[in-house]
Amino acid sequence: MAREIVWTKRASNSFRRITNYLEYEFGEKTTRNFILRTFNVIDLLKANPEMGTIESYELGIFGYLITKHNRLFYRFSQSELILLNFFDTRSQRPKF
């Protein structure tokens, strides 16, 4: 059974901020590569959500490093992969 991908509002907003920053600072090619890599990672996690590291055992939150500076936080169930937040590791603590 394939998991449905659920984007939270926080994940959508943080993803948009990162892509806007990349577009402004590095151009279209870097932004496109980041987007493609992100969606490839999401496809991998959709099939194998345990691939990520456990970030909060109590809350069931996992993390996965997309690039050197960007991390994805997520939860999963049998039917859903819930994207919680994209986080730039150069900034402060992530919010779930």
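Reader: Which residues are exposed on the other side of α1?
Author: Lys9, Arg17 and Tyr24 are exposed there. Exposed means over 50% relative accessible area, buried under 20%, and partly exposed in between (1.4 Å probe, protein chains only). This is a predicted model: local features need pLDDT of at least 70, side-chain atom pairs count only at pLDDT 80 or more, and totals for chains, interfaces and linings use all residues. Residues are numbered from 1 along each chain as its sequence is written, and side-chain values use heavy atoms, with hydrogens and water left out.

Reader: And which residues of α1 are buried?
Author: Ala11, Ser14, Phe15, Ile18, Thr19 and Leu22. Seen down the helix axis, they fall within an arc of 135 degrees, so they line one face of α1. The arc is taken from the directions from the axis to the C-beta atoms.

Reader: What do the buried residues of α1 pack against?
Author: They pack against β1 (4-7), α2 (28-47), β4 (70-76) and β5 (80-88). Helices (H or I, at least four residues) and strands (E, at least two) are DSSP runs, numbered from the N terminus.

Reader: How many residues does α1 have, and what span does it reach?
Author: Helix α1 covers residues 9-26, which is 18 residues. From first C-alpha to last it reaches 25 Å, close to the 26 Å expected at 1.5 Å a residue. The expected span is 1.5 Å times one less than the number of residues.

Reader: What comes just after α1?
Author: Gly27, with a positive phi of about 100 degrees.

Reader: Back to Thr19. What is it in contact with?
Author: Thr31, Phe34 and Ile35, leaving aside neighbours within four places in sequence. Contact means heavy atoms within 4.5 Å. Thr19 has a relative accessible area of 11% and is buried.

Reader: Ser14 next. Which side chain joins it in a polar contact?
Author: That of Asn85, at 3.0 Å. A polar contact is a pair of N or O atoms within 3.5 Å; within protein, one must be able to donate a hydrogen and the other to accept it, and residues adjacent in sequence count only if both atoms are side-chain atoms. Asn85 lies in strand β5. At 5% relative accessibility, Asn85 counts as buried.

Reader: Switching to charges. How many salt bridges does a search of the whole structure find?
Author: Two. A salt bridge here is a side-chain nitrogen of Lys or Arg within 4 Å of a carboxyl oxygen of Asp or Glu. Glu28 pairs with Arg32, closest N and O atoms 3.0 Å apart. Arg71 pairs with Glu55, at 2.9 Å for the closest N and O atoms.

Reader: Where do Arg71 and Glu55 lie?
Author: Arg71 is in strand β4 and Glu55 in strand β2 (residues 53-56), so the pair ties together parts that are 16 residues apart in sequence. Arg71 is buried at 15% relative accessibility. Glu55 is partly exposed at 35%.

Reader: And what separates Glu28 and Arg32?
Author: About one helical turn, as they are four residues apart in helix α2. Glu28 is exposed at 53% relative accessibility, and Arg32 is partly exposed at 43%.

Reader: Last topic, the largest nonpolar core. Which residues have the most contacts inside it?
Author: Leu72, Tyr74, Leu83 and Phe86, in a core of 15 residues. At least two residues of this core come from each of α1, α2, β3 (61-67), β4 and β5. A nonpolar core is a set of buried Ala, Val, Leu, Ile, Met, Phe, Trp, Tyr and Cys residues joined through side-chain atoms within 4.5 Å.

Reader: What does Phe86 touch?
Author: Not counting residues up to four places away in sequence, Phe86 touches Trp7, Ala11, Ser14, Phe15, Ile18, Thr38, Ile66, Arg71 and Leu72.
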